[in-house]
Amino acid sequence: KPHHWTKFQALKILEAIERFGYKVLPWEEFRKAVGPDCDKFTETEMMRMTWAITLMSFCEATKEDASSASKRAEKQAIRRRESERDGDILAVSQKEESTSLEDQKEKSFAKLWNQNSKWAAMALMDAVAYA
């Protein structure tokens, strides 16, 4: 029977990933670093939680990076429109803004993937192998 994870236990996994990285330590050392709070989980359950948290963190970082870049671009566009009072600059349509946000998400993903592909690829391979 599978065990259910508590928020505290998931945070212990996250803290260990943040401290040691993904698959940097041998598995036994990683389990010890997590501590006894997760001892009831099998190796497969803990590995699944480890790659799941890793990939979710990567997705959250991508969203945050895209959102920040989009907000910066929006503020720059507002400043540009305010500085151009003569009406030569046309307002950006909502469709262009939403496409811009989607483009930014793709750019953010590509940037973060290039920076973190070594460990992110391992987590992705583990997820695919589990599926």
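This is a predicted model: local features need pLDDT of at least 70, side-chain atom pairs count only at pLDDT 80 or more; totals for chains, interfaces and linings use all residues.
Before anything else, a term I need: partly exposed means a relative accessible area between the buried limit, under 20%, and the exposed one, over 50%.

**Entry 1: a pair within α4**

I looked up K105 first. Its relative accessibility is 34%, so K105 counts as partly exposed. Its partner is E102: the two form a salt bridge, with the closest N and O atoms 3.6 Å apart. I checked where they sit, and both lie in helix α4, three residues apart, about one turn of the helix. E102 has a relative accessible area of 43%, so I put it down as partly exposed too.

**Entry 2: a pair within α3**

Next I went to helix α3. Here the side chains of K63 and E60 meet in a salt bridge, at 4.0 Å from N to O. Why are they about one helical turn apart? Because they are three residues apart in helix α3. I noted K63 as partly exposed, at 49% relative accessibility. E60 is partly exposed as well, with a relative accessible area of 44%.

**Entry 3: a pair between helices**

Then I looked at D65 and K111, whose side chains meet in a salt bridge at 2.9 Å, N to O. D65 lies in helix α3 and K111 in helix α4 (residues 94-130), so this pair ties together parts that are 46 residues apart in sequence. K111 is partly exposed, at 38% relative accessibility. For the tally, I wrote down that the structure holds four salt bridges.

**Entry 4: a charged residue without a bridge**

I moved on to R31, which lies in helix α2. Is R31 buried or exposed? It is buried, and yet R31 has no salt bridge. D39 is the nearest side chain of opposite charge, 4.6 Å away.

**Entry 5: the cavity**

The largest cavity has a volume of about 70 Å³. Its lining includes W27, F30, M47 and W51. By class, I counted seven nonpolar, two polar and one charged residues in that lining. Helices α2 (27-34) and α3 (43-83) each supply at least two of the lining residues. The largest share, three residues, comes from α3.

Key
Residues are numbered from 1 along each chain as its sequence is written. Side-chain values use heavy atoms; hydrogens and water are left out. On a 1 Å grid over the protein atoms alone, a cavity is a set of points where a 1.4 Å probe fits but cannot get out, and a pocket is an open set with protein on both sides within 12 Å along at least five of seven lines; lining residues have an atom within 4 Å of a point. Grid points are joined across faces, edges and corners, and a volume is the space filled by probe spheres set on the points. Helices (H or I, at least four residues) and strands (E, at least two) are DSSP runs, numbered from the N terminus. Ala, Val, Leu, Ile, Met, Phe, Trp, Tyr, Cys and Pro count as nonpolar, Asp, Glu, Lys and Arg as charged, and the others, Gly among them, as polar. Buried means under 20% relative accessible area, exposed over 50%, partly exposed in between (1.4 Å probe, protein chains only). Lys and Arg count as positive and Asp and Glu as negative; His and the chain ends are not counted.
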